[in-house]
Amino acid sequence: AAASPWPLAQRLARAAGPYMAFQATTWGGDGCRPHDAVAAAALVWPDLFRFEPAAIQLRPEARGRLAREDGPPNAEVCVEVDAPEVTRRLLEAVFPATAAPVTPS
């Protein structure tokens, strides 16, 4: 992306480094978790996700992470995602010249 002639692609590539570093420091591991983009993808391509009802509760002592609880469902949670296909489609949407074409769902 950094080598792309598109200013938006270059800007996103520059912005990704600090974001990924923050994610690694805060949550551990490498890479990043692009929650907003994936949430949007779930709306646009629901066939790539599987949700189920669950009882969840916010855990402030765990840096605001959510935890599944026993009890009646109060949310739907994603339990399965076709991550390679979501990644491919998001890349095509953001960097259309560098990815394979996306077919509509």
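Of the contacts in the protein with a separation of 6 or more, 36% join residues 24 or more positions apart. The model is predicted. Its secondary structure consists of three helices and three strands. Along the sequence these elements run α-α-β-β-β-α.

**Surface and burial**

- The protein has 105 residues, and 16% of them are buried.

- The three strands form an open sheet in the order 2-1-3, and the pairing is antiparallel.
- Strand 2 (65–69) and strand 3 (75–81) are at the edges. Each has a single partner strand, so one side of each has no neighbour in the sheet.
- From one strand to the next, the twist averages 65°.
- In general, the strands of a sheet pair through backbone hydrogen bonds, in either a parallel or an antiparallel manner.

**Strand pairings**

- Strand 1 covers residues 49–59 and pairs with strand 3 over six bridges, in the antiparallel sense.
- On the strand 3 side of the sheet, Arg-50 stands opposite Glu-80.
- Strand 1 also pairs with strand 2, over five bridges. This pairing is antiparallel too.
- Leu-58 stands opposite Leu-66, a residue of strand 2.

**Helix 3**

- Helix 3 takes in residues 83–94, twelve residues in total.
- How far apart are the end C-alpha atoms of helix 3, and what span should its twelve residues give? At 1.5 Å a residue the helix should span 16 Å, and the end C-alpha atoms are 16 Å apart, so the two values agree.
- Which residues of helix 3 are buried? They are Glu-85, Val-86, Arg-89 and Glu-92.
- Seen down the axis of helix 3, the buried residues fall within an arc of 130°, so they line one face of the helix.

**Points to check in the viewer**

- For the sheet, look at strand 2 and strand 3, the edge strands with a single partner each.
- For the pairings, find Arg-50 opposite Glu-80, then Leu-58 opposite Leu-66.
- For helix 3, look down the axis and locate the 130° arc that holds its buried residues.

Definitions and conventions. Residues numbered from 1 in each chain as written. Predicted model: local features only at pLDDT ≥ 70, side-chain atom pairs only at ≥ 80, totals over all residues. Heavy atoms only, no water. Helix = DSSP H or I, 4+ residues; strand = E, 2+ residues; numbered from the N terminus. Buried < 20%, exposed > 50% of the residue type's maximum accessible area, 1.4 Å probe, protein only. Contact = heavy atoms within 4.5 Å. Pairing = 2+ DSSP bridges. Axes fitted to C-alpha atoms, helices over the stretch in contact; angles between N-to-C directions. Expected span 1.5 Å × (residues − 1). Arc of directions from axis to C-beta.
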